[in-house]
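Colleague: Could we go through this structure together? I would like to follow it step by step.

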Amino acid sequence: MENNASTEAAQDPSAHRLFLRDGGRMLCITVDEIEWVAAAGNYIEIHTGRKTHLVRHTVKAMEAKLNPDKFLRVRPSAIVAVSEVDTLEGRAGGDYWVKLRNGTQIPSSRSYRDRIEEIFGKPPRRRRRRSDA
């Protein structure tokens, strides 16, 4: 059993707050403030509009605590709030740049493409310019 678990969110993914152990204290984060989450070694960075919290936790465990209708894993090391996504831009190889409203750009992984397209639909393909030569 993971000692960093949020008791409120672990029981209810629709919870409004997460309680995460941060060293000797419990950190309370309002779920609606989370813009995105990124892996950072043995930690995760929880990015909110005001602050970035560094917590010893895994992305997988954090994903289990968040409502899947409101949060989307876009690569093994990143989760984004669906409401924070501004645009998707196709990349070579079939994955996307996920651009957030705050300007952050996160490359997605192909293995998460189907779920991204399920939530946002399939973006139009970029047209390639023909060379004059």
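**A working chat about the chain**

Modeller: Let us begin with a charge and a ring: the charged end of Arg 91 sits over the ring of Trp 97, 4.9 Å from its centre. A charge sits over a ring if NZ of Lys or CZ of Arg is within 6 Å of the ring centre and within 35 degrees of the ring normal.

Colleague: And what sits over the ring of Tyr 43?

Modeller: The charged end of Arg 56 does, 5.7 Å from the centre of that ring.

Colleague: Before we go on, what kind of model is this?

Modeller: This is a predicted model, in which local features need pLDDT of at least 70 and side-chain atom pairs count only at pLDDT 80 or more, while totals for chains, interfaces and linings use all residues. Residues are numbered from 1 along each chain as its sequence is written, and side-chain values use heavy atoms, with hydrogens and water left out.

Colleague: How many aromatic pairs does the structure hold?

Modeller: The structure holds zero aromatic pairs.

Colleague: Which secondary structure does the chain have?

Modeller: The chain has three helices and 10 strands. Helices (H or I, at least four residues) and strands (E, at least two) are DSSP runs, numbered from the N terminus. Along the sequence, the pattern reads α-β-β-β-β-β-α-β-β-β-β-β-α.

Colleague: Let us take strand 3. Why is it described as largely enclosed?

Modeller: Five of the seven residues of strand 3 are buried, so the rest of the structure largely encloses it. Buried means under 20% relative accessible area, exposed over 50%, and partly exposed in between (1.4 Å probe, protein chains only). Of the 133 residues of the chain, 36% count as buried.

Colleague: Which strands pair with strand 3?

Modeller: Strand 4 pairs with strand 3 in the antiparallel sense over six bridges, and strand 7 pairs with strand 3, also antiparallel, over three bridges. Two strands pair if DSSP finds at least two bridges between them. Val 37 has Ile 46 as its bridge partner in strand 4 and stands opposite Ile 79 in strand 7.

Colleague: What lies between strand 3 and strand 4?

Modeller: The two strands form a hairpin with two residues between them, and Gly 41 in the turn has a positive phi of about 70°.

Colleague: And how does strand 4 go on to strand 5?

Modeller: They form a hairpin with three residues between them, and they pair in the antiparallel sense over four bridges. His 47 stands opposite Thr 52 in strand 5. Strand 5 (residues 52-55) has His 53 and Val 55 on a covered face, with Thr 52 and Leu 54 on an uncovered one.

Colleague: Changing topic, which residues have the most contacts inside the largest nonpolar core?

Modeller: They are Ile 34, Ile 46, Met 62 and Leu 66, in a core of 16 residues. A nonpolar core is a set of buried Ala, Val, Leu, Ile, Met, Phe, Trp, Tyr and Cys residues joined through side-chain atoms within 4.5 Å. A second, separate core of 13 residues includes Ala 38, Val 80, Val 98 and Ile 116.

Colleague: What does Ile 34 touch?

Modeller: Not counting residues up to four places away in sequence, Ile 34 touches residues including Leu 18, Ile 29, Met 62 and Phe 71. Contact means heavy atoms within 4.5 Å.

Colleague: Finally, where is Phe 120 found?

Modeller: Phe 120 is found in helix 3 (residues 113-120). At 32% relative accessibility, Phe 120 counts as partly exposed.

Methods. Phe/Tyr/Trp six-rings, centres within 6.5 Å; stacked < 30°, edge-to-face > 60°.
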